[in-house]
Structure formats: structure tokens, C-alpha cells
Amino acid sequence: MTDPQPQDAPLVAPAADPEDRAIEAALRPKNLDDFVGQKRVRRQLSLVLEASRLRGRSADHVLLSGPPGLGKTTLAMIIAAEMNAPLRISSGPAIQHAGDLAAILSSLTDGEVLFLDEIHRMSRPAEEMLYMAMEDFRVDIIVGKGPGATAIPLELPPFTLVGATTRAGLLPGPLRDRFGFTGHLEFYSTEELELVLRRSAMLMDMKVNSAAFAEIAGRSRGTPRIANRLLRRVRDWALVHGIDLIDARSASAALDMYEVDARGLDRLDRSVLTALITKFNGGPVGLSTLAIAVGEEPETVETVAEPYLVREGMLGRTPRGRIATAAAWRHLGLEMPETVAAAMPEDLFSVAPEDLLGSESGLDSWARPDS
Ligand SMILES: Nc1ncnc2c1ncn2[C@@H]1O[C@H](COP(=O)(O)OP(=O)(O)OP(=O)(O)O)[C@@H](O)[C@H]1O
Ligand SMILES: [Mg+2]
């Protein structure tokens, strides 16, 4: 039995292995009722969809933001399914020229849902073309170059754009303003993850008791993608060990093998905290310096590891850089030195984690000190 995840990929990364990817797709809820948790977003979204059905029009454009693996792609697919509309999928990095976007837009059919993943990574000219398309369902196709260039207007059928981003703070205001509805996805509670797991176990025909669900959910980092992934690892482990009914003991024995600790921290999370504490004496240290110390891209540290560490109260983002809290030292089995404790800012947690994540004041202003 081998672990199909490449050793250096964070646990939350989308599945790389084709079989894993197929299972991930099979476990995706297909309608809003099966979509667990995110009550607020679900309620608001269902209202938006219902209203557009009643008006007989395509739904308002929807922006979904939040850390990886919380259900943005899943929701985009659900929106198309609920609207009974075809779905077209592309992503910011795939659209480097305005022409790439024009090709997609001009082939949309009436009412189609266009899902643009990682929308914050689209090129500037494409972005500007998108403004007009979103607002007026029209684009100007530029033909020729220099003084002889002419703009040929092209009418588009009404469509619904669903944009997804892990970095709402990076979206330019004019783009953000053109979405009729913005949903920010939050980490899931352990109870919600247990529901995700129960549903997945049923679909995978596994026998798992309640204590085992709780054990797996508790280690899933508030993230359904991780919950499902750990469940599959537990299933593999049970298969190899000839276990039919999975209990908490087998679940935790299986999960210990995958470097997910009892608080749900994975290898990347722990290496961020370890670097922060052992190399920078708990900080403050700037994002890019910290990222170099763990051998990752700053964006990965910022969007994959940090949101969860902030939520767990182990990492703080101060104007002077990242710091490890007393909880982080404790989690690594270390004691925070008196001198470090004395230097900790008092108002570290006066800002709610939600405000640090996704909002404009959050990610990017914090990233500035060392850039
Ligand atoms: N609310 C939910 N209920 C049940 N399962 C969910 C839910 N949200 C996500 N999942 C499961 O988690 C997996 C990952 O979700 P999804 O691909 O939608 O995340 P994402 O937010 O698009 O991540 P990324 O930012 O990496 O693209 C899906 O395969 C789906 O099965
Ligand atoms: Mg996605």
C-alpha cells in the first residue's frame, strides 16, 4: 500500500493521483441540500438562485472565496445544476490573453454558467474585458494593430459568472463590485465534518462507528477535502489489516501514519511553526522570509497554512510580521521563553480571524512589511 500523495504536497492540495481525483469527484455533493455546513452562504445562495428562477433569468454573478478544499468548485457545480444550466470551467492562469477570454465568452450559450477558478490570477487585459462582459453582456473584439485597429462589438448571451479565489484581497475593487453575490466559505466545525464523513462513508460502502467519525473529523483541519482524503486512507489501512468495522482506535492508528496530528496540523503547518520558533525565536518575521525558511512559495504559506493556524490561535499576523503564539510553542512541546512572552503584542486577537482572512485589510496588508 502506498500513499498516492506526493510527499511534498500539502494535504489539502487537490488530488494529483487520477484514482484519488475520480473518488473526490464522486464524493462531491450534487445539490444544495447535500452540501453540508456553510449555512449562511447556502441560505443566501439559495435565495439568489430561487429569485432568478422566478424571474426566468440567469442568476447574478457569484464570487466564492475561502481557503482551499472548503467547497468552492463544488458550489460552482451545484449552482449550474440547480439552475439546470450547462457549466463551462476555466481558470485565471489559463486566461493569459484577452483573446483567450473572448473565445470562451463568445461560445457561451444562453444561461450557461462560466466557472473561473483562481480568478485573481487572470491577466489585466482579460480582466478588463470581463468587466464589460459581466455588466453589459458585450465585449469589444479588437481587430488589427496600431492606428488601424478597430473594435468590433460582440453581443453575448446572458450568462452567470462564478468566480472562485483563495485570495479575495487580491481582487481589484471594480471586479469585486461586479459580482451580485459574494460568499466567503469558513472552516467547518467538527460536527459538520462528521456529517461530510458519514455521507462519504455511505457512498464508499464503509462501516465506521461514531467514535471513529469523530476521530477523523477532529484531524481534518476544518476542511472537507482533507476529511474525505483521510477517510480513504483509513479505508486502505482497514483493508490491509483485515478490519471490517472501523473504530476510533483503528482510525487513529491509520491516521498517525499520515503525519496529521491530533489538532489537524499537517506537515506544512508544523514546519511553518517549527521554522517560526526555532529559526526566528517565535517572530515577528515577514512572510517571504518565513516562506523561504520552509522552502515554499509565500502564496502557499499564506493561503494554505496560515488561515488554519490563525484560526487555531497558533499564529498571529502583526504589522511587523508573523508570530508564533504560546499555543504554538506548547503544541510543539516547547515552553515560550519569558522574554518572548513579554514582547508579545497584547491585542493580537483583537481582530477576528474572519477579518484577517479574505478581506482587503487581511492578507495583503500583512504581507507588506518585508516586501
Ligand atoms: N459542504 C460540503 N459538503 C460535503 N462535501 C464537501 C463540501 N465541501 C467540499 N466537499 C468535498 O471536498 C472536496 C473539495 O471541495 P472543492 O474541490 O469544492 O474545494 P475548493 O474550495 O474548490 O478547493 P480549491 O481552492 O483547492 O480549488 C470535494 O470533492 C467535496 O467532495
Ligand atoms: Mg476548486
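The legends below accompany close-up views of a predicted model.

**View 1. Confidence of the predicted model along the chain.** The chain has an average pLDDT of 88, and 91% of the residues score at least 70, while the scores for the model are ipTM 0.99 and pTM 0.86. Where pLDDT is low, the predicted coordinates should not be read in detail.

View 2. Thr-73 counts as buried because 21 C-beta neighbours lie inside 10 Å, where the cut-off for a buried residue is 20 or more. When residues up to four places away in sequence are not counted, Thr-73 touches Asp-117 and Ala-164.

View 3. UniProt, in an unreviewed entry, lists both Arg-317 and Arg-322 under "binding site". Arg-317 is placed in strand β10, made up of residues 315–318, whereas Arg-322 is found in strand β11, made up of residues 321–324. Arg-317 is classed as buried because 25 other C-beta atoms lie within 10 Å, and Arg-322 is likewise buried, with 30 other C-beta atoms within 10 Å. Apart from its neighbours within four places in sequence, Arg-322 is in contact with Leu-276, Gly-283, Pro-284, Val-285, Leu-287, Leu-290, Leu-315 and Arg-317, so that list includes the other arginine of the annotation, Arg-317.

**View 4. Packing of helix α7 against helix α8.** Two packed helices are described by the angle between their axes and by the distance between those axes. Helix α7, residues 190–203, packs with helix α8, residues 210–218, at an angle of about 115°, and their axes are 9 Å apart. The crossing of these two helices, α7 and α8, is right-handed. On the α7 side, the residues that meet α8 are Thr-190, Leu-193, Glu-194, Leu-197 and Arg-198, and their counterparts in α8 are Phe-213, Ala-214, Ile-216, Ala-217 and Gly-218. By residue class, this contact of α7 with α8 comprises 6 nonpolar, 2 polar and 2 charged residues.

Technical notes
Residues are numbered from 1 along each chain as its sequence is written. Chains are lettered from A and ligands numbered from 1 in the order in which they are written. This is a predicted model: local features need pLDDT of at least 70, side-chain atom pairs count only at pLDDT 80 or more; totals for chains, interfaces and linings use all residues. UniProt positions are given in the numbering used here, feature names are shortened, and annotations may be inferred rather than shown by experiment. Helices (H or I, at least four residues) and strands (E, at least two) are DSSP runs, numbered from the N terminus. A residue is buried if 20 or more other C-beta atoms lie within 10 Å of its own, exposed if 12 or fewer, and partly exposed in between; C-beta atoms are placed from the backbone. Two residues are in contact if their C-beta atoms, placed from the backbone, lie within 7 Å. Axes are lines fitted to C-alpha atoms, for helices over the stretch in contact, and angles run from 0 to 180 degrees between N-to-C directions. A crossing is left-handed if the near helix is turned anticlockwise from the far one by less than a right angle, and right-handed if clockwise. Ala, Val, Leu, Ile, Met, Phe, Trp, Tyr, Cys and Pro count as nonpolar, Asp, Glu, Lys and Arg as charged, and the others, Gly among them, as polar. pLDDT is the predictor's confidence in each residue, from 0 to 100.
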